Amino acid sequence: MPESIYQKIGQVERVIGINGGTFDPVHFGHLRPALEVTEALALSQMRFVPVYQPVHRGQPGQSAQHRCRMVELAIERQPLFCLDRREVDRGGPSYMVDTLASLKTDFADAALVLMMGMDAFAHFPHWHDWQGILALANLVVTHRPGQTLPEDGEAEALLEARQVDCLTQPQGQILDLGVTQLAISATQIRQGLSAHHAPDFLLPERVADYIQTHQLYYPS
Ligand code: ATP
């Protein structure tokens, strides 16, 4: 395995990153941190997993097919990135613990690392079976360099208990990684489009073209 924050782990052939989200639509705020995590941890791949039915928020506005296609277009020139449709194919509520268990079955030789922004981590102690998630994977919490971690009781306590400077185990640890974070949100893009504002420079050009071709997010 190449030199990485993971170098001390024995008996692990490779490390696979998981980037889950609604991707409604995917944007540079998802893509750039994913690349930086991939490089910092020398991951063998980063799997983008569009959620089918979120359990902690409302249904995405666009169909799973459109959201998957936009991810595919966004990542097609990045060889270590791939689209993983397992939550969409599974249907029903998308529990991350089920997704990780199924990845563990498919990639028995790999350690899994689930990336999430600090905003998502603040709610992590309320996720379905978060203990099960940590029994299957490590977490990488990405944030803007210099930004402080949440001072919300449960997330902070979990971080204190599990945070490490260097991942040394295949699961159960939390790494806090400063990345170039772009203040872009899918909400902002959807709101812009509904007011006929172009999403250019917030997401890849091919995704902007797809949105335009299919008239996604525009007012009907
Ligand atoms: P929405 O605005 O619809 O809530 P979003 O832009 O936050 O969407 P999601 O697909 O819900 O995107 O995000 C999934 C993951 O991506 C979360 O872990 C979140 O922290 C992370 N993320 C989203 N936007 C950014 C960003 N600008 N920088 C870093 N991480 C981000």
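Here are a few friendly notes on the structure above.

1. The model is predicted, so local features need pLDDT of at least 70 and side-chain atom pairs count only at pLDDT 80 or more, while totals for chains, interfaces and linings use all residues. Residues are numbered from 1 along each chain as its sequence is written, and side-chain values use heavy atoms, leaving out hydrogens and water.

2. Start with the parts: the protein has nine helices and seven strands. Both are DSSP runs numbered from the N terminus, with helices (H or I) of at least four residues and strands (E) of at least two. The radius of gyration is 17 Å, close to the 17 Å that the globule rule gives for 220 residues, so the protein is as compact as a globular protein of that length. This radius is taken over C-alpha atoms, and the rule is 2.2 Å times the number of residues to the power 0.38.

3. Now look at the open sheet, where seven strands run in the order β3-β2-β1-β4-β5-β7-β6 with parallel pairing. Two strands pair if DSSP finds at least two bridges between them. At the edges stand β3 (81–83) and β6 (163–164), each with a single partner strand, so one side of each has no neighbour in the sheet.

4. For a close-up, follow β1 (residues 14–21) and β2 (residues 45–50), which pair in the parallel sense over six bridges. Here Ile16 stands opposite Gln45 in β2.

5. How much of the protein is buried? Of its 220 residues, 51% count as buried (under 20% relative accessible area, with a 1.4 Å probe and protein chains only).

How values were computed:
Buried means under 20% relative accessible area, exposed over 50%, partly exposed in between (1.4 Å probe, protein chains only).
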